[in-house]
Amino acid sequence: MNDWRATFARRLSVLAGFFVAWIGVVEARLVYLHVVQHSALLERADEQQQSRQAIPAPRGEITARDGSPIAMSTPGFALEATRSLIPDPEATAERLCRVLHDCDAAARQVLVRQLRWSGRGSRYVFLRRKLQDDEVAALRPLIKDVEPNIRVVEVSQRSYPGGSGGAHLIGFTDIDNKGQTGIELAMESILAGRPGLQLVIKSPLRGHSRLLTRLLRAPVTGATVETTIDRDLQYMAERTLAEAVEEHDADGGAVVVMDPQNGEILALANFPTFDLNDYGIATDEQKLNRAAQHIYEPGSTFKSFIAAAALEVLHMPTSRMFDTSAGYISFGPRRIHDMHRYQALSFMDVIVKSSNVGAIKIGQALGSDVVSRYVYRFGFGEALARDIPHQRSGLVDKRLPQFKPSELASVSMGYQIGVTPLQMVAAVGSIANGGELIAPHVVRATIVDGVRTEAPRQVVRRTIPTEIADDLTDILEQVVERGTAKSARIPGYTLAGKTGTAEKLENGRYSKVHNNVSFVGFVPSRHPRAVILAVLDSPRKGGRTGGAVAAPIFRAVAEATLRRLGVPPNAPDPHGLVAGANEPTGPTPVSLPMFPRGQVMEVTPAMALADGTVPDVRGLSARDASRVLFAAGVQPRLSGSGVVSRQLPAPGTVIRPGQTCDLVLVRSVAQPYPERGLEP
């Protein structure tokens, strides 16, 4: 009996001991949870039941100079995750990859890295910024049943209506909607806007579904950036350049159109190019902004600045003669030749005929120190545009002030110095406007809360006196009239410019096959409205000089520019078909804008001349030309396809209502239009 009682007592004591120990453990655990881990658990509970989430701000618009959007934010869907609540990133990434497009092994590993949270950084992450509609439809049931911590959220996405139009100037944004290139990057601070903030209350039960969302701070839409770009000129420049690259089998090229009075870039075209809406598949070469980043030796276009120095420093008269009869000049074993052999040439004709020998002799008379001062004075060696990211400053040897005669000879004819097309346009623009170097820019104004603020005109420095600019313009006019740039001439207008042809440096030696060819000039030469540069990299067909290849590109773009800006003729036609200012012989041809194919054009009475005269429809599509003629009471009769190249009767001809106008259409506008009044 006593044994039984003792056994029971021992067992009861053991049970009581276990019970007391269990109570102690529980109490210790409760103390640990409520005291030691109180803050951490409270934070985790708050995270599970409520959170503060940023609301992305809609990005501001980028517009052309007429206000039409060229970059805008449109509603779309993105994939977001609370990665701190995802227990198995690998399994989640595997499930997501089954429904997402282009999710290969590499993309799946990226998802795993995004979903894995180490306790640092944001608990929230955007997995995909742009979802297709079928992806959204496939994700919703997966999120509802399996992955409650993954969400499809509405976001604003960047859209570019023009596709590849102005791609290098506009730029693009990354997956987080942040600017990466172009204006998108340069104006990021005002385009981005200010994100909002919301409080999200979630159910503590499985799924953590949202019970309530409260707005704490509304997002502020980014400002609107108005650019200097003229969409019609941009289209014309890009099309002309692309056709020229194809025609001449070139590696690429650039065309820049700038207003020399204020530095506004009206058009900037590069080839090759890419579609902004699908920039991910573009190559580095396609993304290269050749106008701002491609460095090339300018060749004879640089002789204009050597001439400017000679006019100002040496007071050299344009009649000063130079002996170039040998056809070459020697520096030790090095011999530099002219393309053609001349006898004695005047200072003016050295530039007009683009004589290397003559230019070198002028450079030697100036000396390295003077040439160096003018190189920097015209903006070479520095990045001038304030709103074009990643532009290069060119290559100017720091030893230039102490160059030896042979090295100075190279610079005098446009070698041993590297420039960008943008620098060349700005430098020639200073000649066009009377001697002010103006910083090129592509942002015309910003609009914040309805208040428009224009970008100021920025004068970098004075390059030459106005009278020297006038004298140099006289010389550059003769380059077009009787020199190496005859193919740039536009009947009825005076032009000034300079051709350039430079052999490319390849593997330390100058190539005998590959050239950079260019033409830069301004129109009209008096009171100019535009400076235009055309440069082609390594043309292999149809000529290898600036006069043969680049000057016709200039002419096509210049004609479109004059039409678009409504610039009337300022000089008699050499064939007597365009009236001079003192001899009015008939109505002046109308100036019409260029319109891209497929774009609907609003026909207004201003597009027609006085009643009974024929409008100028050259360069327009068949549809747009027909609409203009119908508005003027003229019946069109078309032959061919493409854009209007010739018309009969000629523009400005008096015509009876209902009379027919014959239009000849061609597919290419890279070649210059026929001279006005010479239609058959």
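**Note on burial, pairing and side-chain contacts**

1. Arg151 has a relative accessible area of 13% and is therefore buried. In this note, buried stands for under 20% relative accessible area, exposed for over 50%, and partly exposed for what lies in between, with a 1.4 Å probe and protein chains only. The model is predicted, so that local features need pLDDT of at least 70 and side-chain atom pairs count only at pLDDT 80 or more, while totals for chains, interfaces and linings use all residues. Residues are numbered from 1 along each chain as its sequence is written, and side-chain values use heavy atoms, with hydrogens and water left out.

2. Helices (H or I, at least four residues) and strands (E, at least two) are DSSP runs numbered from the N terminus. The partner of E5 is strand E3 (residues 69-82); the two run antiparallel and share 10 bridges, pairing being assigned if DSSP finds at least two bridges between two strands. Within this pairing, Pro75 stands opposite Ser156 of E5.

3. Arg151 also takes part in a salt bridge, with Glu80, and the closest N and O atoms are 3.1 Å apart. The term denotes a side-chain nitrogen of Lys or Arg within 4 Å of a carboxyl oxygen of Asp or Glu. Because Glu80 belongs to strand E3 and Arg151 to strand E5, the pair ties together parts that are 71 residues apart in sequence. Glu80 has a relative accessibility of 9% and so counts as buried.

4. Distant parts of the chain are linked here: Arg158 is in strand E5 and Glu184 in helix H7 (residues 182-186), 26 residues away. Both Glu184 and Arg158 are buried.

5. Asp230 and Arg564 form another salt bridge, at 3.2 Å between the closest N and O atoms. This pair, too, links distant parts of the chain, 334 residues apart: Asp230 lies in the loop between strand E8 (224-227) and helix H9 (231-248), and Arg564 in helix H19 (residues 546-565). Asp230, at 9% relative accessibility, counts as buried, whereas Arg564, at 27%, counts as partly exposed.

6. In total, the structure holds 29 salt bridges. A network of them links Arg65, Glu226, Glu264, Arg444, Arg452 and Glu454.

7. The number of disulfides is 1, under the rule that a pair of cysteine sulfur atoms lies within 2.5 Å. The bond joins Cys97 to Cys103, with an S to S distance of 1.8 Å. The torsion about this S-S bond is about -40°, so the disulfide is left-handed. Cys97 and Cys103 are both buried. Another cysteine, Cys661, has 0% relative accessibility and therefore counts as buried.

8. Glu135 is located in helix H5 (residues 133-145). The relative accessible area of Glu135 is 2%, so this residue is buried. The side chain of Glu135 reaches the backbone nitrogen of Gln132 at 2.8 Å. Leaving out residues up to four places away in sequence, Glu135 touches Val99, Leu100, His101, Arg128 and Lys130; contact means heavy atoms within 4.5 Å.

9. The largest nonpolar core has 117 residues, and Phe347 and Phe380 have the most contacts inside it. Helix H19 supplies the largest share of this core, 9 residues. Such a core is a set of buried Ala, Val, Leu, Ile, Met, Phe, Trp, Tyr and Cys residues joined through side-chain atoms within 4.5 Å. Neighbours within four places in sequence aside, the contacts of Phe347 include Ala307, Leu311, Met316, Phe322, Ile362 and Ile475. Apart from this core lies another, of 21 residues, among them Leu79, Val112, Leu139 and Leu142.

10. Helix H16 (residues 405-412) is mostly covered, with 6 of its 8 residues buried. The buried residues are Glu407, Leu408, Ala409, Ser410, Val411 and Ser412. Their cover includes helices H12 (303-313), H14 (356-366) and H15 (368-377), together with strands E12 (328-331) and E13 (334-337). After H16 comes Gly414, which has a positive phi, near 90°.

Definitions and conventions: Polar contact = N/O pair within 3.5 Å; in protein donor to acceptor, adjacent residues only side chain to side chain.
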